[in-house]
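Please look at the chain shown here and follow its charged side chains. The explanation begins with a single residue and then widens to the whole fold.

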Amino acid sequence: MRTEATAAEQALLDRLRSCLDEVLPAEPVPAGYDLIAGGVLDSSRFLAVFVALEDHFGIHITGADISQDNFRTLERIARLVRAKQEAA
């Protein structure tokens, strides 16, 4: 049985996948898949991902947010998006 938090997290992951489908040319990946080690997210695609996240979620990504740890997996990107939304 899903908890409300889990359903909310899944909804965010679904929105994130939809957003990133436009900029990351890859088959759907599990939320914990390492996008960087798997070659899905490289330095040339980071900017496109930042812009897509800002446009789709209405958040502002700062230089302090830019780290491989924040963008390594969909789960970590979702965590960053959620933190930015809560801080707004």
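R45 has a relative accessible area of 25% and is therefore partly exposed; buried means under 20% relative accessible area, exposed over 50%, and partly exposed in between, with a 1.4 Å probe and protein chains only. The model is a predicted one, in which local features need pLDDT of at least 70 and side-chain atom pairs count only at pLDDT 80 or more, while totals for chains, interfaces and linings use all residues. Residues are numbered from 1 along each chain as its sequence is written, and side-chain values use heavy atoms, with hydrogens and water left out.

Which residue forms a salt bridge with R45? The partner is D42, and the closest N and O atoms are 3.9 Å apart. A salt bridge is a side-chain nitrogen of Lys or Arg within 4 Å of a carboxyl oxygen of Asp or Glu. D42 is likewise partly exposed, at 30%.

The structure holds four salt bridges. Another of them joins D34 to R72, with 3.2 Å between the closest N and O atoms. This pair links distant parts of the chain: D34 lies in the loop between α1 (4–21) and α2 (43–57), R72 lies in the loop between α3 (68–71) and α4 (74–87), and the two are 38 residues apart. D34 counts as partly exposed because its relative accessibility is 24%, and R72 is partly exposed with a relative accessible area of 21%. R76 and D69 also form a salt bridge, their closest N and O atoms being 3.6 Å apart. R76 is partly exposed at 29%, and D69 is partly exposed at 48%.

The wider setting of these pairs is the fold. The protein chain has four helices and zero strands; helices (H or I, at least four residues) and strands (E, at least two) are DSSP runs, numbered from the N terminus. The radius of gyration of the protein chain is 12 Å, close to the 12 Å that the globule rule gives for 88 residues, so the chain is as compact as a globular protein of that length. This radius is taken over C-alpha atoms, and the globule rule is 2.2 Å times the number of residues to the power 0.38. The C-alpha trace spans about 40 × 30 × 20 Å along its principal axes.

Buried residues make up 32% of the 88 residues. Among contacts (heavy atoms within 4.5 Å) between residues at least 6 apart in sequence, 59% join residues at least 24 apart.
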